[in-house]
Amino acid sequence: MRKKIVWSLIGIILAGFLVWGVQWATFARPPLPEAVTAAWSDDLVTVTDTPWLTFTPQQDWQETGFIFYPGGRIDPRGYSTLMRAIAEQGYLVVVPTMPINMAIFDSNIADEIIAAHPEVKHWVIGGHSVGGTAAAMYAAAHPAKIAGMAIWSSYSADSSDLSSLNIPVILMYGGNETGVTDESVGARKQLLPPGTKYIKIAGGDHHQFGSYLLTTEDNLATVSREEQHAQILAAMLELLQLVSAK
């Protein structure tokens with residue numbers, strides 16, 4: 001009887017760990033209501049979610065696409081407000097879902113996206129946080145496929161040397177961040193092309209690069225999300241216009 005009780009307790013503990021593990025592996029910060037709304041189709045942008053979250057412009061087609069890798073454990077829809085705004089200007093935008101919501105585990109997903117859209121002549125790749133690092137990994141491994149890159153609140157890994165690439169690159173980060181700072185960005189400048197444009201958003205923080213649910217402790221920004229997004233959007237459209245003009 002005692003052995004049965006012990007084994008039952010072990011079984012319950014193991015089942016608990018299994019449930020916890022599944023919840024941890026599948027957790028993603030949910031999008032804010034405005035991001036959910038931005039992922040709906042209208043006359044300007046058609047939004048689909050299979051096989052990837054895709055924003056297809058219905059006018060002013062630029063023949064340039066933007067592949068965006070989401071940050072770690074963040075629902076791809078958490079970036080919909082900015083992705084829709086970019087698509088409204090004529091750029092195809094694709095945000096893939098990553099294994100256990102970590103772009104680092106499928107940095108080559110851009111190959112499938114590019115193959116699925118032969119109508120796109122120029123591709124810009126980018127990402128937020130770990131997604132930015134994964135995007136840099138892809139660009140380093142496939143330089144001929146990428147015409148521009150945008151790193152949001154992140155930086156290139158030491159193994160991804162992009163310094164010889166002749167493409168426009170922007171790296172944006174918030175002035176109130178704790179991980180991506182002047183020091184950490186400066187220490188890795190040698191990994192990016194000499195002409196890389198660095199944009200520090202005064203008062204911005206790591207999480208306001210998206211539109212997803214935060215805890216109070218996560219919110220370090222002293223500017224509004226709308227202001228931070230306005231600066232991000234302006235920089236992205238400048239980059240995309242530069243690539244499209246080639």
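**Exercise 1.** At what angle do helix 3 (residues 80-87) and helix 7 (residues 225-244) pack, and how far apart are their axes?

*Solution.* The structure is a predicted model, in which local features need pLDDT of at least 70 and side-chain atom pairs count only at pLDDT 80 or more, while totals for chains, interfaces and linings use all residues. Residues are numbered from 1 along each chain as its sequence is written, and side-chain values use heavy atoms, with hydrogens and water left out.

Step 1. Helices are DSSP runs of H or I with at least four residues, strands are runs of E with at least two, and both are numbered from the N terminus. Axes are lines fitted to C-alpha atoms, for helices over the stretch in contact, with angles from 0 to 180 degrees between N-to-C directions.

Step 2. On this basis helix 3 and helix 7 pack at about 40°, with their axes 10 Å apart.

Step 3. Angles under 35 degrees count as roughly parallel, over 145 as roughly antiparallel, 65 to 115 as roughly perpendicular and the rest as oblique; helix 3 and helix 7 are therefore oblique to each other.

**Exercise 2.** Identify which residues of helix 3 and helix 7 meet.

*Solution.* Step 1. With contact taken as heavy atoms within 4.5 Å, T81, L82, A85 and I86 in helix 3 meet H229, I232, L233, M236, L237 and L240 in helix 7.

Step 2. The residues of this contact divide into eight nonpolar, two polar and no charged, where Ala, Val, Leu, Ile, Met, Phe, Trp, Tyr, Cys and Pro count as nonpolar, Asp, Glu, Lys and Arg as charged, and the others, Gly among them, as polar.

**Exercise 3.** Describe the largest nonpolar core.

*Solution.* Step 1. A nonpolar core is a set of buried Ala, Val, Leu, Ile, Met, Phe, Trp, Tyr and Cys residues joined through side-chain atoms within 4.5 Å; buried means under 20% relative accessible area, exposed over 50%, and partly exposed in between, with a 1.4 Å probe and protein chains only.

Step 2. Of the 33 residues in the largest such core, F55, F66, M83, W152, M172 and M236 touch the most other members, and helix 7 gives the most to this core, with seven residues.

Step 3. Not counting residues up to four places away in sequence, M83 touches F55, F66, F68, V93, V95 and W152.

**Exercise 4.** Locate E63 and state its phi.

*Solution.* Step 1. E63 lies in the loop between strand 2 and strand 3 (64-69).

Step 2. The phi of E63 is near 60°, a positive value in a residue other than glycine, and E63 is partly exposed, with a relative accessible area of 30%.
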